[in-house]
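Reader: Hi, could you walk me through a structure while I have it open? I am still learning how to read these.
Author: Gladly, and here is what we will be looking at.

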Amino acid sequence: MFNRSANAVGREEIPPLYPAKTVCRYCERTYRTMRVRPSHKKSTEADSDFCMRFTGVNPDYYVVRVCPYCGYSMTDHFSKKPLTERQRVMFEEKIGRSWNKLDLTGERTINEAMFAYKLALVCAQASDETDRVLAGILHHIAWLYRLMEDEANEKRFLAHALDAYMRVFEYEGLDYNNAKLMYLIGELNRRLGQYNEAVRWFSRVVNDNRIVDAAMIRKSREQWQLVREEMQRLKLQPELPGDEIKGA
């Protein structure tokens, strides 16, 4: 009995962060950066655009790995290919030349996490990462601004993320297995007050029989209903009055 209690206490005292080794894609030096243990990733709720709310440590703060030696910053979704000479020059001009060896490898505040994501955004642009990678970074920056209750900057980066998600959709074509992307495009339009565009995208998810993602169909139907209520409250007329969603 005593031993079981002691073990329980020991488990509770395990720190939420642990160091993970990584190799910089630019300078190729090895450094350690913090990760959150799975047992400490405790979410309480998710916003309608998948922004997770956590108790305790927020794992999103540690998604970006920042090299303390050169400043090259990346996420797990970056390409694993070596940087080209042009990409290396671009990074050096944007960050490397002026890097002051800031250390973001330890515990981070929300402001430090924001800085890490913005570094990753510049690095992603310099190294020609895909629009899907760019969209994810931009969306995470918007989420951090939401947590900081900075609505103006949240919406600014939601708009940038929406543009990137649209490029993803246009480049990849109409993939009926990617209903989540279509839902997100609708939801970001809704959050930006672009209600008629939101309705179009939610309608595409719900009304096309080729889409079988039940969770995204349900969420699209719910958000379409929310759009309708918001438009009624604001006394706005839909551009497509006859465009109804099944089951709404």
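Author: Let us begin with Trp-201, which is buried, with a relative accessible area of 5%. Please keep in mind throughout that this is a predicted model.

Reader: OK, so why does Trp-201 count as buried?
Author: Its relative accessible area is 5%, and buried means under 20%, so Trp-201 falls in that class.

Reader: And which charged residue lies over the face of Trp-201?
Author: That is Arg-204, which lies over the face of Trp-201 at 4.6 Å from the ring centre.

Reader: How many aromatic pairs does the structure hold?
Author: There are eight aromatic pairs in the structure. In one of them, the rings of Phe-169 and Trp-201 have their centres 5.0 Å apart and their planes at 85 degrees, so this pair is edge-to-face. The pair links distant parts of the chain, since Phe-169 belongs to helix H5 and Trp-201 to helix H7, 32 residues apart.

Reader: Is Phe-169 buried or exposed?
Author: Phe-169 is buried, and its relative accessible area is 11%.

Reader: What about Tyr-61 and Tyr-62, how are their rings arranged?
Author: Their ring centres are 6.5 Å apart and the planes stand at 40 degrees, so that pair is described as tilted. Both Tyr-61 and Tyr-62 are buried.

Reader: Which residues form an aromatic cluster?
Author: Tyr-26, Tyr-72, Phe-78 and Phe-91 form one aromatic cluster, and over the face of Tyr-26 lies Arg-88, at 4.4 Å from the ring centre.

Reader: Switching to helices, how many residues of H6 are buried?
Author: In H6, 11 of the 13 residues are buried, so the helix is largely enclosed by the rest of the structure. Among those buried residues are Leu-181, Met-182, Tyr-183, Glu-187 and Arg-190.

Reader: And what covers the buried residues of H6?
Author: The cover includes helix H4 (131–147), helix H5 (151–172), helix H7 (195–207) and helix H8 (214–233). H5 and H7 are also the helices that hold Phe-169 and Trp-201.

Reader: What comes just after H6?
Author: Just after H6 you will find Gly-193, which takes a positive phi of about 80 degrees.

Reader: Last topic, strands: how do S1 and S2 run?
Author: Strand S1 (residues 17–23) and strand S2 (residues 30–36) run antiparallel, and seven bridges join them. Leu-17, for example, stands opposite Val-36 in S2. The two strands form a hairpin with six residues between them, and in the turn Glu-28 has a positive phi of about 65 degrees.

Definitions and conventions. Residues are numbered from 1 along each chain as its sequence is written. This is a predicted model: local features need pLDDT of at least 70, side-chain atom pairs count only at pLDDT 80 or more; totals for chains, interfaces and linings use all residues. Side-chain values use heavy atoms; hydrogens and water are left out. Two strands pair if DSSP finds at least two bridges between them. Helices (H or I, at least four residues) and strands (E, at least two) are DSSP runs, numbered from the N terminus. Buried means under 20% relative accessible area, exposed over 50%, partly exposed in between (1.4 Å probe, protein chains only). Contact means heavy atoms within 4.5 Å. Rings of Phe, Tyr and Trp (its six-membered ring) pair if their centres lie within 6.5 Å; planes under 30 degrees apart count as stacked, over 60 as edge-to-face and the rest as tilted. A charge sits over a ring if NZ of Lys or CZ of Arg is within 6 Å of the ring centre and within 35 degrees of the ring normal.
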